[in-house]
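Good morning, and thank you for making time for this item.

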Amino acid sequence: MSRYRSDSMSDENRGRSTTRYTTSDGLSAFYRERFGSHSPEEYMNLRISGFDDKLERDEIKEILTAEFRKFAPFEIKVVRNPGDDERLAYVNFERRDCARKVRYNVMDRLKKALGRRVLCDPAGILRDQEGKYIPDRFNRALQNERCGGSSGGSGRRSPDRRGGHRPKEPPQWRLKEDDADATRTLFVGNMPSDIREYEIRKVFERYGKIEDIDIKTPANTDAAYAFVMFQTLEQAMEAKHEEHDRPIRQGTSRCKIGYGKSQTSRRLWVGGLGSWTSADALAKEFDRYGPIEKLEYDDGAEFAYIRFGDTNAATDACRAMKNFPLGGRDRCIMVDFAKFFIFNYFVLLKKSEYNVKLYRIAGTEKLLQKLLRDEDGNAIKLHVTQRLALASQEGLQDRLTNSSSKQLSLMIAVGKQVDEMRPLVRYLTEKDAAGVVTVPDGILYIFPFCDMAIKLLAHFSPHVRMLSDGCPFMLFALALKAPSAAPSPTHS
């Protein structure tokens, strides 16, 4: 999202009055369908549509930046609507009344520069239980005060341990046990320090599908803890009720289980759905908080996933839509943050480029975000500059299997289109080699279907199976760079 800031505020500080309009002029059908024909009293975001088809994305952004210069600071993001591919611009202002002044004072100039069909709607707003408009994104502090303040801190912090001079004493955990605080993520404490992921899965998968397991082993203690994320809220609640105060491994201490704080992301899980709703109905309620990149929902399913273009929009939607009566008073929905596991990358080998999707199956997501993303969070291109002969590479296999979950990220890679990766798979298979991509502070190994890939999967993710028969699936292993004992690759 582009950002513009100006030190000049003279135009707004001149005290010019703004006429208060109550007509529906300038409102799109999109807005009228959701909010009616009138504008709220206060809003700080705009959704602009109806641009001339001849204008490119950068041209739209440049024109808006120039026209809004005196209203800085602001943010502009130009996107394409997933439904009809129409270009939309979302503009977030930081000063009050700027959005309103744009709608009532600048529209004539915008129509001349961007096309006569341009429409400008208030955005980032919602209605309260009485049907009144209330501002959203830039009023979090006020809402926190009304709710008694934020809890502060992160759900993934180190647990509160007492008796620091006696490290082998079982830690004392501060747990959120009330179901009113329920999230899809469980905090599971007081486990053996050598606990493995497959042991946790064996116990908790009986309650439902697990989306993620993050194991923590604090120093100077014999106890580990983990965050276990389920697919639905009901699964997490049942698992907590059944497994709290029970040992995860026979002969060990009893586990202490509470609800963890959800990790903020731009992807939401929406539960409590059913045959009474649809993907269109979900889109109409959620896209007022910002552009939706992807909505995953099968008709009649109990839950959906909604991915926004940015984290702020997802945060607004998560807060506002929790317990929202989408299907009426007796059909309130549940909303929680969801992890964003699928990443799109381009793999470059010689003169060929392959568009692949990566599904993380083991290790830490933070490593992937840190090493394979640029400063703006965009995926970097993966240049295969070397190949590593797989014969007699036991040292590499041992080094990877002995890596902790904080030092390694293991991913299954598939082509974005069917068979798109087949030439790359064939090349590495014929060479009996792994591709090597060097990134700052790390190395990415690209394995075709081979013995080493099978052994790595068996060690880290025994529940996952790779298919043979030339199937275009690959295993990506991203590891922190180890200065010593580096393999001897061959230039590709």
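Let us begin with a crossing: helix α11 passes α13 in a right-handed manner. Please keep in mind throughout that this is a predicted model. Helix α11 covers residues 394-401 and helix α13 covers residues 451-460. Their axes lie 10 Å apart, and the packing angle is about 20 degrees. Angles under 35 degrees count as roughly parallel, which means that α11 is roughly parallel to α13.

Which residues in α11 and α13 meet? From α11, these are L396, Q397, L400 and T401. On the side of α13, they face M452, K455, L456, H459 and F460. Sorted by class, this contact of α11 with α13 has five nonpolar residues, three polar residues and one charged residue.

Helix α3 spans residues 98-105, and helix α4 spans residues 107-114. The axes of α3 and α4 come within 5 Å and cross at roughly 70 degrees. The range from 65 to 115 degrees counts as roughly perpendicular, so α3 is described as roughly perpendicular to α4. In this contact, α3 contributes V102, R103 and N105, while α4 contributes M107, R109 and L110. By class, the contact of α3 with α4 divides into three nonpolar residues, one polar residue and two charged residues.

The next topic is the sheet. In what order do the four strands of the open sheet lie? The order is β9-β10-β8-β11, and the pairing is antiparallel. At the edges are β9, residues 210-216, and β11, residues 256-259, each of which pairs on one side only. From one strand to the next, the twist averages 20 degrees.

Within this sheet, I would draw attention to one pairing. Strand β8, residues 185-192, runs antiparallel to β11, and four bridges join the two. As regards V188, its bridge partner in β11 is I257.

Helix α6, residues 197-204, packs on the sheet. Helix α6 touches β8, β9, β11 and also β10, the strand at 223-230. The direction of α6 makes about 135 degrees with that of β9.

Finally, which strands does helix α7 lie across? Helix α7, residues 233-243, lies across β8, β10 and β11. Relative to β11, helix α7 runs at about 155 degrees.

That concludes my presentation, and I welcome your questions.

How values were computed. Residues are numbered from 1 along each chain as its sequence is written. This is a predicted model: local features need pLDDT of at least 70, side-chain atom pairs count only at pLDDT 80 or more; totals for chains, interfaces and linings use all residues. Side-chain values use heavy atoms; hydrogens and water are left out. Axes are lines fitted to C-alpha atoms, for helices over the stretch in contact, and angles run from 0 to 180 degrees between N-to-C directions. Angles under 35 degrees count as roughly parallel, over 145 as roughly antiparallel, 65 to 115 as roughly perpendicular and the rest as oblique. A crossing is left-handed if the near helix is turned anticlockwise from the far one by less than a right angle, and right-handed if clockwise. Contact means heavy atoms within 4.5 Å. Ala, Val, Leu, Ile, Met, Phe, Trp, Tyr, Cys and Pro count as nonpolar, Asp, Glu, Lys and Arg as charged, and the others, Gly among them, as polar. Two strands pair if DSSP finds at least two bridges between them.
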